[in-house]
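Please look over the sequence and the model below.

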Amino acid sequence: MSPSATLSLDQFLSGGFDLRRQLADHLALDLEELERRLPLATDALAAVAFAPDQTEAFYETAVGTGHLLELAAWHLSSADYIADTLRLQQQFARGQVLDFGGGIGTHALAAAALPQVEAVWFVDLNPENRRFVQARAERFGLSHKLRCFRDLDAPELPAQFDTIVCLDVLEHLNDPSAQLEQFVARMSPAAIALLNWYFFKGFSGQYPFHFDDPQLVERFFRTLQSRFLEVFHPFLITTRAYRLLVG
């Protein structure tokens, strides 16, 4: 693909923006071995010891490259759903974009390819994720618009963002309400936040690293409803669009 080429929805639906080849290269695997590992990735990640009071260390060090495999398996198997989140992002993304907990970089890359987006700031605790996303950005000729950081405290980040994307992340935080407040502090007056969550460990316990404490969930919704106003969009997906609630 030529440098700075547009990343279309068709390109995502046909293979996750060349995800298999890029991940195989990054992990030094042949495609056959990658295909063998992908169906096992969710169970393998669920088997990693998780301590709720050590969430940061879990995602920064314990999951390693296993998180890349698990996310890749999900993105490839749920392409139709994720394509709608990319359509939603196309509708709202502009200016300075924060992709918080951006995983394998699907949304960060797609946003960076949009002409109305000036820069994408990819934030993720996992250094393996950051290395992979930076390599993908270079491969697509987008490294001039996409930069990767560990957290929001990095001094290079802008003071405010025009778009915040935080998908499938909030349920992994032990204080998602506090994260919402951080977003509020970093949103420009007309900014849009694209958010979703899944505070559930799964019907068979397949998501042991999701928080589901009822009090935590209630605090989250109280914060959400007091700080944000939902903006309608036509896509039948769990992701919602929000602007700051003023007055």
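In this predicted model, the lining of the largest pocket divides into 19 nonpolar, 21 polar and ten charged residues. That lining comprises 50 residues, and those nearest the centre of the pocket are Gly101, Leu167, Asp168, Val169 and His172. Two or more lining residues come from each of α4 (41-46), α5 (55-62), α6 (66-77), α7 (79-92), β1 (95-100), α8 (106-112) and α10 (176-186). The largest contribution is that of α6, with five residues. The space in this largest pocket is about 1,300 Å³.

The chain as a whole has eleven helices and seven strands. Its radius of gyration is 17 Å, close to the 18 Å that the globule rule gives for 247 residues, so the chain is as compact as a globular protein of that length. Along the principal axes, the C-alpha atoms fill a box of roughly 55 × 40 × 35 Å. Of the 247 residues, 53% are buried. Among contacts between residues at least 6 apart in sequence, 71% join residues at least 24 apart.

Where does Asn196 lie? Asn196 is in the loop between β5 (187-195) and α11 (214-227). With a relative accessible area of 2%, Asn196 is buried, because the cut-off for that term is under 20%. Leaving out residues up to four places away in sequence, Asn196 touches Tyr81, Cys166, Leu167, Asp168, Leu170, Glu171, Thr238 and Thr239. With Thr239 there is also a polar contact, side chain to side chain, at 3.5 Å. Leu167 and Asp168, which are among the residues that Asn196 touches, are also among those nearest the centre of the largest pocket.

How values were computed. Residues are numbered from 1 along each chain as its sequence is written. This is a predicted model: local features need pLDDT of at least 70, side-chain atom pairs count only at pLDDT 80 or more; totals for chains, interfaces and linings use all residues. Side-chain values use heavy atoms; hydrogens and water are left out. Helices (H or I, at least four residues) and strands (E, at least two) are DSSP runs, numbered from the N terminus. Buried means under 20% relative accessible area, exposed over 50%, partly exposed in between (1.4 Å probe, protein chains only). A polar contact is a pair of N or O atoms within 3.5 Å; within protein, one must be able to donate a hydrogen and the other to accept it, and residues adjacent in sequence count only if both atoms are side-chain atoms. Contact means heavy atoms within 4.5 Å. On a 1 Å grid over the protein atoms alone, a cavity is a set of points where a 1.4 Å probe fits but cannot get out, and a pocket is an open set with protein on both sides within 12 Å along at least five of seven lines; lining residues have an atom within 4 Å of a point. Grid points are joined across faces, edges and corners, and a volume is the space filled by probe spheres set on the points. Ala, Val, Leu, Ile, Met, Phe, Trp, Tyr, Cys and Pro count as nonpolar, Asp, Glu, Lys and Arg as charged, and the others, Gly among them, as polar. The radius of gyration is taken over C-alpha atoms; the globule rule is 2.2 Å times the number of residues to the power 0.38.
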